[in-house]
Amino acid sequence: MIKVLVSACLMGEKVRYDGNDLRQTHKAFTTLEGKAQLVPFCPEVAGGLSTPRPPAEIDLANGESVWAGAGKVIATTGSDVTDAFCEGAKKALAICQQQGIRFALMTESSPSCGSSLIYNGKFNGQKVSGEGVTTALLRKNGIAVFSQNEVDALLHALKDCQ
Ligand code: SF4
């Protein structure tokens with residue numbers, strides 16, 4: 001069965017910054033659970049951050065900027081958590097490479113897992129086009145990343161490769 005890396009919070013693990021999860025129960029997600037082996041992973045916890053933890057945003061509002069050495073991930077406390085975010089992202093990529101995973105379903109708007117929208121880095125609740133630190137690294141390495149709002153598209157992509 002084909003494997004898909006999934007943000008752990010989408011599978012019900014209480015690993016979000018506020019100690020909650022984002023368990024998905026909609027029909028498409030249930031279908032996905034029957035069609036693929038889901039591999040839950042939380043980059044922020046894997047990077048060494050605790051749960052709960054202060055929310056964080058990317059100052060340049062794009063994970064790619066972090067890998068380019070220009071952007072930083074900053075928590076509301078003002079602490080620089082860039083290294084932890086990068087460490088978690090590298091571990092996510094390592095799991096994909098070790099297990100031959102080519103698809104990921106990641107939580108939209110997260111500074112780690114967001115795939116099309118993330119917060120703008122100003123902690124004012126506004127989102128802009130962009131992707132998280134882990135998503136940027138996965139995509140750079142050829143892994144197709146979808147959000148929880150795109151499960152149908154992911155199912156379609158999986159069908160094409162089975
Ligand atoms: S880092 Fe990703 S998996 Fe972990 S809580 Fe945030 S959105 Fe969920």
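## Strands E1 and E2

Strands E1 and E2 run parallel and are joined by five bridges. Within this pairing, Lys3 has Gln37 of E2 as its bridge partner. Strands (E, at least two residues) and helices (H or I, at least four) are DSSP runs, numbered from the N terminus.

The model is predicted, so local features need pLDDT of at least 70 and side-chain atom pairs count only at pLDDT 80 or more, while totals for chains, interfaces and linings use all residues. Residues are numbered from 1 along each chain as its sequence is written, and side-chain values use heavy atoms, with hydrogens and water left out.

## The sheet

E1 and E2 belong to an open sheet of four strands, in the order E2-E1-E5-E8, with parallel pairing; two strands count as paired if DSSP finds at least two bridges between them. E2 (37-41) and E8 are the edge strands, each with a single partner, so one side of each has no neighbour in the sheet. On average, neighbouring strands are turned by 25 degrees against each other, direction ignored.

## Ala104 in strand E5

Ala104 is a residue of strand E5. Its relative accessible area is 0%, so Ala104 is buried (buried means under 20% relative accessible area, exposed over 50%, partly exposed in between, with a 1.4 Å probe and protein chains only).

Leaving aside residues up to four places away in sequence, Ala104 touches Val4, Leu5, Leu138, Ile143, Ala144, Val145 and Phe146. Contact here means heavy atoms within 4.5 Å. Ala89 is 15 residues from Ala104 along the chain, and their C-alpha atoms are separated by 13 Å.

## Helix H6

Helix H6 (residues 151-160) has Val151, Leu154, Leu155, Ala157 and Leu158 buried. Seen down the axis of H6, these buried residues fall within an arc of 160 degrees, so they line one face of the helix; the arc is that of the directions from the helix axis to the C-beta atoms. Asp152, His156, Lys159 and Asp160, on the other side of H6, are exposed.

The buried residues of H6 pack against strands E1 (3-7), E5 (103-106) and E8 (144-147) and against helix H1 (27-35). H6 lies across E1, E5 and E8, and runs at about 170 degrees to E5. Axes are lines fitted to C-alpha atoms, for helices over the stretch in contact, and angles run from 0 to 180 degrees between N-to-C directions.

## H1 against H6

H1 and H6 pack at about 25 degrees, with axes 9 Å apart. That makes H1 roughly parallel to H6 (angles under 35 degrees count as roughly parallel, over 145 as roughly antiparallel, 65 to 115 as roughly perpendicular and the rest as oblique). H1 contributes Ala28, Phe29, Thr31, Leu32 and Lys35 to the contact, and H6 contributes Val151, Asp152, Leu154, Leu155 and Leu158.
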